[in-house]
Amino acid sequence: MTLLIIILLPFFAGAAGTLMAQRRGFSAAAWAAAVPTAASLALLAGEVPEILTGEHIIVSWPWLPSVGLNLSLRLDGLSLLFGLLILGIGLLVILYTRYYLSPEDRIGRLYALLMLFTTAMLGIVFSENALLLLMFWELTSLSSFLLIGFWTHSPLARQGARMAFAVTGGGGLALLGGLLLIGNIAGSFELSAWFAARDAIRNHPQFNIALALILLGAFTKSAQFPFHFWLPAAMAAPTPVSAFLHSATMVKAGVFLLARLYPLLGGNLVFEYVTTTVGLTTMVFGAYVAMFRHDLKGLLAYSTISHLGLIMFLLGLDTPMSSLAAVFHVGNHATFKASLFMAAGIIDHECGTRDMRRLGGLWRQMPQTAALAIVAASAMAGVPLFNGFLSKEMFFAEALDLHGIPLLESIAPAAVTLGSMFSVAYSVRFIHDVFFDQPHDLPHQPHKPPRYMKIPAEVLAVVCIAVGVLPSYTVAPLVDVAARAVVGDSLPFYRIALWHGFSLPMVMSIVALAGGSGIYWLLRNRYDVHLHVPARYTGRLLFQHAYDGSVALAGRCMNRLQNGSLQRYLALSIAAFIGLGAWPFIQHGFQTGRLAPMPVGPLGLVVWGIAMIGALGMVWSHRTRVVAVILAGVVGLVASITFAYFSAPDLSLTQLAVEVVTTVVLLMALARLPQATPRESTTHRIVRDAALAVIAGAGVALLSWAVLTREQDSIAWYFLENSVPGGGGHNVVNVLLVDFRGFDTFGEIIVLGMAAIGVWLVLAGMRVEWPAILPKPEANGIMFAAAARLLLPFALLVAVSMFLRGHDLPGGGFLAGLIVSLALLMQYMGEGLHPILTRVRIDFLVLIGAGVLLAGLTGLAGMMAGRPFLTSANGDLHIPFLGDLPLASAVAFDLGVFMAVLGTALLTLTALGQARRKSPEAEEGRPWN
Amino acid sequence: MELMVSLGLGAVTACAVYLLLRARTFPMVLGLSLLSSAANVFIFSMGRLRSGIPPIVNSETTGYADPLPQALVLTAIVIGFGMTGFIMALAVRARYQTGSDHVDGMEPAANRTPADES
């Protein structure tokens, strides 16, 4: 539990706190970020004694066990070392940020993102489950993206953020593939299970693919050559972010991953060869490029790349001591590099530039900063008495001790010496160009940095010296348990010490220091490095090409598909549906079933003929819209007859009622639209549409024919058997609607109500001229009005009867609602809208809402009785004079349906009817206007 | 009878699709309404075609038509009405907002600019 709190505290307490505190000023925000981080650090420090004894803690809660994702956390030496680094440096960065940002920056946002990152990074190092680790991994990429792009107004920041995200995100994708493969082989995603099944996993044929994918993930994250180019671009981030994410912690995630998986991967020849080669290449390449960078942060970025390569190289080697050196250098690099970044930030802050061609002679103005930078740069160069020296010596020793790796064996000692010489050269350049050389073109007179801004760098510098002078009293135990977590208990006896006696690594150190200083002297005095123009970097260029190319390709596809014509989209969609529908036919062939068909009666033929004429007539006459509407009604009526003929009285009645209302709606809309359709389709388009239509129709006919000639395997027997005992109704369709599948119906009346409200909103306040084709309302005829008025009570009676009998005979809430709507509709047609509205004083919106509410409450009543939602009760209700009335609680539900349907129909009709009114006051405060 | 229903469904679907692809809103809505009729009958017919045995439980008969597709289609019919109403309202509104009943929201003549033709 403590572990979980350590991970979550920064984000959940810190992010919210800083966002709230930023109104109260920078200091409040800084405190809000610092307190949770410090609390996490204290909690983690409390675990130190136990971990130092060699114990490790694993806790686990199931999360999504079905996919192998558990909330499993592990605390061992390795995660302890990383955890302390993250929280310790995080705390210093929080303090530093407070003084770094300008007043107009949104500090709360920066802190919140830093807190998000802290949690994500802690999640990576404490994860015991590979999927959990991956989630946090992606979260670090995401927070890194947001942090690099923090200054959203800067194009460089946006570009750098995109690049970093594309590279590390792509690597994350590869990593996901690798982890999934291994999880698949091992049957679990718990790391301890992987380590236990080490041999089985490594002998699996897919292991090498998984290994390649995992390495890809690690190399992209840790900016290894040739994926390094995102890291210099990421320097567009605020400097505290660079110090924290892009040198001390996040870029170490790739290294951490390989260290974490070392028990599984270590000693594998492919792993060893690839990792050492890539690491060594990156180390030399990064150091070489760093010498020529003019931007302080650019220099530090390439230096970081180089040092990451060094660590990668050490991790790849198959000796216990190399892993020890690797984790040791992780800590050392984090301290001196973060300190240097902070120094660079201070210089930038006080001088207004980071360009070494313009800086110089700052020793006089800021002696303390200079001293700090000298300490850190010495550690970076590997000068004795500083921490970098210790791990670098171990690195030299390991490079001399490569046995069994052909080629690399002979190259490595020379390569590491060369790389270290470059490293010394750029360290010297950093110090000399900034602090001692003559200033060339300072934007303004440097002023002294704020006192507290220097404290973080001072703390780190003290650590550099303390570790460098007294390693065994400071970090040795921590590094020891961390290394044991990587390589197990196979560490030989060793001693981290300043003086091992005169040895070959010592000589290499001296050569590197002397040679590096010499290189700098040559660069400065013989080549004049300040005039160097950086080459165009291929990695970055390739990335940009690929990026631009894919954007252009996507644009071309978009233009081709999305030309703005809805007609075309619909044709494409229908073509796609036809393709999808045709696929099973193509796959399995078309076969009809063997069911004997029903005989055809003369009535059937006639009705069929009417349907055909109606449908084809619609196509033929669709330009004359009124005719088409009437023919649509004909087709609807045929559908109603079809339902009636094939044993579906409920459907038949409903279809009949709906068809009438729909026809009225269509005619009302038509009155507000052009009466005819112009001829405008090209022949090409007509042929295309006709072809699509014929193919679609043929597909439906074939499918229907194939199904109808086959035996049916239905689940209907359940409903037929349980309708009376379980639902208390004989009309199974109605019982299905209000009881068995009541939840569906509930959803459907909600949709219905939403559609009607949509109509109302779309048309609200619309003001159009009185349609010319409509006569004035009073001209509708007195006879019709009188007949409609006479009909009303009878229609209502029929509706009540339909409603009440619905549970046992065809009828029900849907039908009753439609019948009442029809009766009122006839009133409307006879007398116009206004008299109806004054007579029926019901707000249809309220009616819909009340209907849905009633249906929902009926369902809740079932829940109150301890049964599932919408369970109905039933019994016989005795009514005087009428006898026993079988009544189920579903009747209340059906009443809700009735109200919703009635409200929908009437709201739709009145909204369409009112759309022609000219009432200026209706325009105010309504949507759409 | 099955063959007739299949052919009828095919014909109505074909007409519906053709109307759906027209350029003006009103024929399109008619096509949609036609298509929903066809779809309703199609889904209903998945319970097979049986005459004279409605799914109303009584003691005389033992065979019943399949009630499940009927229940599904019943709500679909009513929702079809709601959708037709909504899309009609959209069409009316679009006509008065854009001055055209073309589905693309503008008359094709205004649509043709030199850039499009190149």
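**Exercise 1. Which span should the 26 residues of helix α28 (residues 683–708) of chain A have at 1.5 Å a residue, and how far apart are its end C-alpha atoms?**

The model is predicted: local features need pLDDT of at least 70 and side-chain atom pairs count only at pLDDT 80 or more, while totals for chains, interfaces and linings use all residues. Residues are numbered from 1 along each chain as its sequence is written, and chains are lettered from A, and ligands numbered from 1, in the order in which they are written.

Step 1. Helices (H or I, at least four residues) and strands (E, at least two) are DSSP runs, numbered from the N terminus.
Step 2. The expected span is 1.5 Å times one less than the number of residues, so α28(A) should span 38 Å.
Step 3. The end C-alpha atoms of α28(A) are 37 Å apart, which agrees with that expectation.

**Exercise 2. State which elements the buried residues of α28(A) pack against, and describe the side of chain A that touches chain B.**

Step 1. A residue is buried if 20 or more other C-beta atoms lie within 10 Å of its own, exposed if 12 or fewer, and partly exposed in between, with C-beta atoms placed from the backbone. The buried residues of α28(A) include Asp689(A), Leu692(A), Ala696(A), Val700(A) and Trp705(A).
Step 2. These buried residues pack against α24 (566–588) of chain A, and also against α1 (2–20) and α2 (25–45) of chain B.
Step 3. Two residues are in contact if their C-beta atoms, placed from the backbone, lie within 7 Å; 100 residues of chain A are in contact with 78 residues of chain B. To the side of chain A that touches chain B, α28(A) gives the most, with 14 residues.
Step 4. Ala, Val, Leu, Ile, Met, Phe, Trp, Tyr, Cys and Pro count as nonpolar, Asp, Glu, Lys and Arg as charged, and the others, Gly among them, as polar. By these classes, that side of chain A has 68 nonpolar, 25 polar and seven charged residues.

**Exercise 3. Determine how α26 (residues 625–645) of chain A and α2(B) are oriented to each other.**

Step 1. Axes are lines fitted to C-alpha atoms, for helices over the stretch in contact, and angles run from 0 to 180 degrees between N-to-C directions. The two helices pack at an angle of about 5 degrees, with their axes 11 Å apart.
Step 2. Angles under 35 degrees count as roughly parallel, over 145 as roughly antiparallel, 65 to 115 as roughly perpendicular and the rest as oblique; α26(A) and α2(B) are therefore roughly parallel to each other.
Step 3. The contact is made by residues including Ala632(A), Val635(A) and Phe643(A) of α26(A), and Leu30(B), Leu34(B) and Phe44(B) of α2(B). By class, this contact has 11 nonpolar, five polar and one charged residues.

**Exercise 4. Compare the backbone and the burial of Ala223(A) and Leu385(A).**

Step 1. Most residues other than glycine have a negative phi, and most peptide bonds are trans.
Step 2. Ala223(A), in the loop between α9 and α10 of chain A, has a positive phi near 55 degrees, and this residue counts as buried because 30 C-beta neighbours lie inside 10 Å.
Step 3. Leu385(A), in the loop between α17 (367–381) and α18 (387–400) of chain A, has a positive phi near 80 degrees; with 14 C-beta neighbours inside 10 Å, Leu385(A) counts as partly exposed.
Step 4. The loop between α9 (207–221) and α10 (230–233) of chain A also holds Pro226(A), and the peptide bond from Phe225(A) to Pro226(A) is cis, with omega near 5 degrees.
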